[in-house]
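Open the model in your viewer and have the selection tool ready. We will go from one stop to the next.

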Amino acid sequence: MESVVSELEGTLLKNPDPFSYFMLVAFEASGLIRFALLLIVWPIVCLLDLLGMGDVGLKIMIFVSVVGVPESEIETVARAVLPKFYMDDIDLEAWKVFSCYDKRVVVTRIPRVMVERFAKEHLRADEVIGSELQVNRFGFATGLVKDDIALISDRVKAYFKDEQPTVGLGRKTSTASEFLFICQEQHHPPFVTNQKDDHHHLIRPLPVIFHDGRLVKRPTPSMALLILLWLPLGIILATIRITVGLILPMRFHPYISQVFGGAIVVKGNPPPPPSGSNSGVLFVCTHRTLMDPIILSVVLGRKIPAVTYSISRFSEIISPIPTVRLTRMRHVDAEKIKRKLDEGDLVVCPEGTTCREPFLLRFSALFAELTNRIVPVAMNYRVGFFHATTARGWKGLDPIFFFMNPRPVYEVTFLNQLPIEATCSSGKSAHDVANYVQRILAATLGFQCTNFTRKDKYRVLAGNDGTVSSTSCVGHLKKVVNKAFKPFIH
C-alpha cells in the first residue's frame, strides 16, 4: 500500500502562517477581548519567528487563544467554523498529489483538535499528527501542549512503525517537515501533477456546505485590526439603520438604504398586489438570511407577512413586517398558511433554514399543496465583515450583524408565476412541484441543489436538530443538551 505524508500549513494549505486560525478560535470560542489580545501579541510572535524561535511563538499563540476555553467549545469551532477557511486556502495541486495515495497522513504544527475534523472529512486523510492540547480535569484547556512541537517527526515514525512512507510533501524550511527524511520520495511546493496523478481517479475535496461563525473574511492581522476599528462604527450604523427602518414607511426604505451605504438590486418583474376576488400570491424564496422577507417587502413597497419558525422573539419584535410562526405540525401549519393566503400575499422559505454557500437545501413540499399561485423569488446577498446568520449563537443578533456591515447588498430576482401545468392542479405531486421550484431557483442563482435539510445543518454545526422553544431560552438550552448526542441522520 502506497502512502503519503503531507504537511498542512504551506503545503496542502497555501498559507504557511496559522495565525488567522488561532484568531478564529479566539473570536468564536471566547470573544472580542481574547481576539484583541491575540492581535496585540502578534508582533511578538513575528519577532520570535525572525529570531528562529518560531516554536516559542506558536506556543504563545496557542496559549493566548485557548487558555481557559472548554475543550468542547474548541471542538465545536473546529467543526463548524474552521473548515470553511481551510477550504478557501487549499492548494489544489498539492491536493492532487496527496489524493493519489491509498494511505494519507497529515502533519501539522496546529493542535490536532483544530485540524482533525477537516482533514479526515474533507481531505479524506486517514490520520492527523499534530500537537496535543493539555486539558484539566474540568475540561478546560490549559493553553499548553503535551509534547514538544519539534518532536512531531518522531510521532510520524511511531505511526508508520517499520514501514517507510512512499512520499513526503512539505516545505524545505519548515521545522515540521523533518518527517520528509524518513520518506522514500520528497516533494516540495510548488507542485506539478505528474503522469500518475493525471491517470488517477481524482476526487475533489468534499465541499464545505454548512459553516458557522460571524466573520466573513480570514482574520489576518490587518483584517483583524480593521474589524476591531470598524466595530464601534458598525454598531452605531446598525442602530441608525434599524431605527430609521422601523420609523419610516416601507416605500422610503430603498432610498434610505442607499443613503446609509446599502444597496438592493432587483431583477425580473414582480406581480401586482392582489385585487378583487383573487387570493394572495405565495412568494417562494431561497433563504439566505432573516432579512429575505423584509427585503422582498421593501422591493414590493408593501408589508408582506412571512412564515417563520426558528427566529428569536427579539427578531419578531423589531421586524417591520408581520410574521406567522409555524409549529412544525403539518395540519396546523397548513391551516395557518391557507388563512393568510386568503387575506393576501405571503412569503415562505421552504428550505426551513439559511445556507451560506451556493447550495439550496431540500424544499419542504407543503407550500405546493396549498396554492397554485406560486411566484419563485431568488434571493442572494453580499456582506463584507459579518455573517447575518448563526446556528450556534443568539439569532436575535442576526439582523444587527447584517446592518453592521459597511455595504450590505441584496439581490432579488423575480421569476414568472408557475403555469398551471407546473402545479399540483395538473396532477403533479407536491414533491415534484417543490423539486422543480428548487431547480429553477438554483439555476437562476448558479447554485447546486442538495437533499440536505435544516436538521442536517444543525446536527453538523450545533449538535442538535435546530428545534427552538417558543417559551424560553431555558427550554431551548434543555433541548440542546438532550439532543446533543443524537447520531447524525442522513
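Which strands does helix 8 (residues 152-160) lie across? Select it along with strand 1, strand 2 (103-111) and strand 3: helix 8 lies across these strands and runs at about 150° to strand 3. Helices (H or I, at least four residues) and strands (E, at least two) are DSSP runs numbered from the N terminus, and angles, from 0 to 180 degrees, are taken between N-to-C directions of axes fitted to C-alpha atoms, for helices over the stretch in contact.

A word on the model: it is predicted, with local features needing pLDDT of at least 70 and side-chain atom pairs pLDDT 80 or more, while totals for chains, interfaces and linings use all residues. Residues count from 1 along each chain as its sequence is written, and side-chain values use heavy atoms, without hydrogens and water.

Next, show the open sheet, where 5 parallel strands follow the order 3-2-1-6-7; pairing takes at least two DSSP bridges. Strand 3 (127-131) and strand 7 (185-187) each have a single partner strand, so one side of each lacks a neighbour in the sheet. Zoom in on strand 1 (residues 3-7) and strand 6 (residues 167-169), paired over 3 bridges; V5 has G168 as its bridge partner in strand 6.

Now select M114 and F283, which touch the most other members of the 106-residue largest nonpolar core. Such a core joins buried Ala, Val, Leu, Ile, Met, Phe, Trp, Tyr and Cys residues through side-chain atoms within 4.5 Å, buried being under 20% relative accessible area (1.4 Å probe, protein chains only). Helix 1 (residues 19-29) gives the most, 9 residues.

How values were computed
Contact means heavy atoms within 4.5 Å. Buried means under 20% relative accessible area, exposed over 50%, partly exposed in between (1.4 Å probe, protein chains only).
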